[in-house]
Amino acid sequence: MEIVLITGMSGSGKSVALHALEDAGFYCVDNLPPELLLAFVDLEQQHHAQRVAIAMDVRSATSLPLVPQQLKTLRAQGVEVKPLFLDATTDTLVRRYSETRRRHPLSQQLSAHGEQDERRALIDAIELERELLGALREQSHVIDTSVIRPAQLQGYVKTLISSPGAQLTLVFESFAFKRGVPSDADFVFDVRMLPNPHYEPGLRHLTGLDFPVQDFLQSQADVMQMHEHITRFLESWLDALVRDHRSYVTVAIGCTGGQHRSVYLVEQLAKHFGAQRVTLKRHREIGGL
């Protein structure tokens, strides 16, 4: 039996992720109280269910501390559990709440703030939610939805759940520093010091997925050295990450615009490590998987 547990910040896209899993053939349950998790899984096993997705959020705050131990129990029973945590920056969440005019689920708990302005109250609710969900975030693969579209998120989720759960999965992600560092990254490498194809007129409107850009970057000694250094670093520490029972490790490569250098290096690193391990890749700024 395979279970995908979706948790995360309110407004981060949990409903979008759940719909993606429903499209992929999962039986989906939204806002299941943690107290019912083990009994629900037992019932689904009796019905011979194979793929189940469960969403939990801060509305069950008082019982969320039960979940980490429950996940250990399920794994001991042979259930494959993939916890996903959807996150976004506080500014992004504030903007989304302002656009939808919805109330944060913890806003009632902060009503004692009384006369403070709405934005401050919302920020306080978001920060309280981060604190309450901290333990679950530590045990999950994090997806930062701050600057990705719903269609990209659906693609990310479908790709993640298709990877084998019993092995370490390496996720390589390109991004633009000008749009912020992904909060889901375990390792971040800055490659802005490398020669930039943006300043080559014939390459400016292409990306690191295009052969002319690849040829240009492959001819640069600094680019080849950066590739070698990142490769050696990861090869030195991957076994330790496996011993630490990590399921996913996200390696983010950033350049100025997220179009050329970071995209090229993600492609090359994914190709190199893909021969040895389960490897995924995504390009945040160009919407590629």
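Predicted model: local features only at pLDDT ≥ 70, side-chain atom pairs only at ≥ 80, totals over all residues.
Local features are given where pLDDT is at least 70, side-chain atom pairs count only at pLDDT 80 or more, and totals for chains, interfaces and linings use all residues. Residues are numbered from 1 along each chain as its sequence is written, and side-chain values use heavy atoms, with hydrogens and water left out.

**View 1. The whole protein.** The protein has 10 helices and 9 strands, which are DSSP runs (helices H or I, at least four residues; strands E, at least two) numbered from the N terminus. Its C-alpha trace spans about 60 × 50 × 35 Å along the principal axes, and 50% of the 289 residues count as buried (under 20% relative accessible area, 1.4 Å probe, protein chains only).

**View 2. The surroundings of His-104.** His-104 lies in the loop between α4 (90–100) and α5 (118–132) and is buried, with a relative accessible area of 4%. Its side chain reaches the backbone nitrogen of Leu-106 at 3.0 Å and makes a polar contact with the side chain of Glu-129 at 2.8 Å (N or O atoms within 3.5 Å, one able to donate a hydrogen and the other to accept it; residues adjacent in sequence count only if both atoms are side-chain atoms). Leaving aside neighbours within four places in sequence, the residues in contact with His-104 (heavy atoms within 4.5 Å) include Ser-10, Tyr-97 and Leu-122.

**View 3. The largest nonpolar core.** This core has 29 residues, and Leu-37 is among those that touch the most other members (a core is a set of buried Ala, Val, Leu, Ile, Met, Phe, Trp, Tyr and Cys residues joined through side-chain atoms within 4.5 Å).
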